[in-house]
Amino acid sequence: MLVRELMFLQLFRPGAAACVGDLFLPPPKIEPSRLYFFIWNIFDKGKMKLPGLIDPHVHLREPGAAHKEDWDTGTAAALAGGFTAVLTMPNTNPPIINAQSLAIAEQAASSKARCDYAHYLGAGPHNSHELAELAPRAAGLKMYLDNTYGPLRLDDMSLWMEHFARWPRGMPIVAHAESRTMAGGILLSALFDRPVHIAHVSLREEILLIRLAKEKGIKVTCEVAPHHLFLSTDDLPALGAGRGEVRPRLASPVDREALWANLEVIDCFATDHAPHTLEEKDSFNPPPGFPGLETALPLLLTAVSGGRLSLDDLVARMHINPRRIFSLPEQPETWVEVDPLAEWEIRAENMHTRCAWTPFDGWKVRGQVQRVVLRGREVYRLGENTDRGEIRASPGSGRNLRDIS
Ligand SMILES: [Zn+2]
């Protein structure tokens, strides 16, 4: 056995350092050769390189709500979390539903983004023709088939059909569709024989239905958000009513465990980074959503450390699968340097997101981003003796992925 494999097995031995609550009980099924495959390097002192991570589901709030987040702070948070590419959702103000609103978002991104990106277009009742023409400039089509933050919900299934019929076959469709609505979205995928990606799966019934659909050959893929893997309704009393508001809602511990038990059905881990200020979250009418860009990788590395997840499980869901599902270009000379042994505490004051809070505040995690390199340039570096890193990418240095491909 290679010395480096021995080092790796030592780093990620079964049962090592379960740091996050009691989530990591089952012994892992570790296959050293597969685990090793996706590690580019192990440096001195156990540091390792991962490919640049891709988050296919973030809300950067600009245009319209830059007090929560904008393209500058949101992409800074992405880099600090190890993400070198983000796909941004269209429920902004104005929503991204036509050429004019897309141009507004493109302008904000091109002047401020510090990591690479692409914009989703929002399916509305009267825009299926126009969106089909704009498709080459978009990350994909986002269809809100259930309630969300903003006005983009499509209730009438005939509208779903129009978009499925007109949207170019080679471009991704992402559906916010929960429970039985999700079954309708999967049916359309089958009827139109084209891929659909289900956003933020949270329930046992949903992941089981997606498993069956995949077994039948239906072209469905899905993502799960870290907060649905690490939090449940059991956490609501500690979080408080407003800070616990998220869509889909935090589910039961049984649902959460069903996601872990069906890991092979999950194609992507997507943060659904959805920042709101603490003042808003603690108000009488708290909007749903959690920030997630800066906590996803540490939480998932902690799961790797605890043996609940393998490193290649992580890389497949945070780099390889999103690149394939969304037909994203390579980012040359791009990587994330991680110390998988670093034990530290998530603190909101060390984060770069403008919303200045996290539902994981105070959680002890194992695994920390040390440095991020994007297209050969250092864009993030962790400071000495601090858990707050320095963003070294300038605003506007991020590129639109659809201009590259
Ligand atoms: Zn979302």
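**Packing of helices and strands in the predicted model**

The buried residues of helix α6 pack against α5 (128-134), β5 (138-144) and α7 (179-192), where two residues are in contact if their C-beta atoms, placed from the backbone, lie within 7 Å. The structure is a predicted model, in which local features need pLDDT of at least 70, side-chain atom pairs count only at pLDDT 80 or more, and totals for chains, interfaces and linings use all residues. Residues are numbered from 1 along each chain as its sequence is written, and helices (H or I, at least four residues) and strands (E, at least two) are DSSP runs numbered from the N terminus.

Within α6, which spans residues 157-166, the buried residues are W160, H163 and F164; a residue is buried if 20 or more other C-beta atoms lie within 10 Å of its own, exposed if 12 or fewer, and partly exposed in between. Seen down the axis of α6, its buried residues fall within an arc of 100° (taken from the directions from the helix axis to the C-beta atoms), so they line one face of the helix. S158 and A165, by contrast, are exposed on the other side of α6.

An open sheet is formed by five strands in the order β1-β10-β11-β12-β13, with antiparallel pairing, two strands being paired if DSSP finds at least two bridges between them. Its edge strands, β1 (48-51) and β13 (389-391), each pair on one side only. Four bridges link β1 to β10 (residues 335-345) in the antiparallel sense, and P51 stands opposite W335 in β10. Helix α3 (residues 71-80) packs on this sheet, touching β11 (364-374), β12 (377-382) and β13, and its direction makes about 130° with that of β13; axes are lines fitted to C-alpha atoms, for helices over the stretch in contact, and angles run from 0 to 180 degrees between N-to-C directions.

Elsewhere, six of the six residues of strand β2 (residues 53-58) are buried. Strand β2 runs parallel to β3 (residues 83-88), to which four bridges join it, and I54 has A85 as its bridge partner in β3.

Leaving aside neighbours within four places in sequence, the contacts of I198 include A175, M182 and V220.
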